[in-house]
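Have the model open as you read.

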Amino acid sequence: MGTPKNPEVGDLIIDASDIKVTDITPEQIQKLTKLRDGFEAAVKNILGLKPEDADRAGLNEKDKDRLAAAFARDQRIGELLPASQKLTELLHETRQTTRHEIATILAENAAQAKRRADRVQNGAEVLGPVAPLMDYQYGPANKAAATKEKAKEPKPEG
């Protein structure tokens with residue numbers, strides 16, 4: 001296992017606090033210039049130039065510094081992404097299994113309340129307090145049954 005600053009895939013704690021993150025819209029993303037494979041060699045070429053070669057080519061030293069900082073930031077993000085993506089996947093899958101558990105418990109509770117209401121005289125009093133549960137659990141089936149019944153009705157000739 002890694003450390004929060006240097007996580008490995010599967011770690012549950014990731015510290016990306018050293019990166020100033022950016023939140024942009026999908027429309028803004030579409031307008032961004034995209035890098036192609038092999039850009040690393042071009043970056044390393046610029047960063048490795050001797051000052052006299054950079055000067056001869058008319059390259060700005062401040063641009064070289066900005067490029068070095070951006071490239072370092074890109075490399076750092078690249079180190080964090082695999083662990084972050086796996087953590088996102090784990091969270092999604094855990095949420096799915098948790099929601100499965102919730103759905104199972106709701107179904108069991110609804111079935112129990114329905115069985116209890118069917119066995120007693122005051123069934124409405126049993127089901128009244130759990131009406132939202134019953135609507136949630138049986139609403140789609142009731143709606144489907146009503147739609148099916150309506151489809152069976154003869155259509156008026158016109």
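In this predicted model, the lining of the second largest pocket divides into six nonpolar residues, two charged and no polar ones. That pocket has a volume of about 190 Å³, and the elements giving two or more residues to its lining are H2 and H4.

**Second largest pocket**
- The lining consists of Phe-39, Ala-42, Val-43, Ile-46, Asp-63, Arg-66, Leu-67 and Ala-70.

**Largest pocket**
- About 850 Å³ of space lies in the largest pocket.
- There are 23 lining residues, and those nearest the centre are Thr-22, Ala-70, Arg-73, Asp-74 and Ile-77.
- By class, the lining of the largest pocket has 16 nonpolar, three polar and four charged residues.
- H2 and H4 each supply at least two residues of this lining, and H4 gives the most, with nine.

**How H2 packs on H4**
- Helix H2 covers residues 39-47 and helix H4 covers residues 61-119; they pack at an angle of about 140°, with their axes 10 Å apart.
- The two helices are therefore oblique to each other, as angles over 145 degrees would be needed to count as roughly antiparallel.
- H2 passes H4 in a left-handed crossing.
- On the H2 side, the contact is made by Phe-39, Glu-40, Val-43, Lys-44, Ile-46 and Leu-47.
- On the H4 side, Lys-64, Leu-67, Ala-68, Phe-71 and Asp-74 take part.
- The residues of this contact comprise seven nonpolar, four charged and no polar ones.

Note on methods
Residues numbered from 1 in each chain as written. Predicted model: local features only at pLDDT ≥ 70, side-chain atom pairs only at ≥ 80, totals over all residues. Heavy atoms only, no water. Axes fitted to C-alpha atoms, helices over the stretch in contact; angles between N-to-C directions. Helix = DSSP H or I, 4+ residues; strand = E, 2+ residues; numbered from the N terminus. Parallel < 35°, antiparallel > 145°, perpendicular 65-115°, else oblique. Left-handed = near helix turned anticlockwise from the far one by under 90°. Contact = heavy atoms within 4.5 Å. Nonpolar A, V, L, I, M, F, W, Y, C, P; charged D, E, K, R; others polar. 1 Å grid on protein atoms, 1.4 Å probe; cavity = no way out; pocket = protein on both sides within 12 Å on 5 of 7 lines; lining within 4 Å. Points joined across faces, edges and corners; volume = space filled by probe spheres on them.
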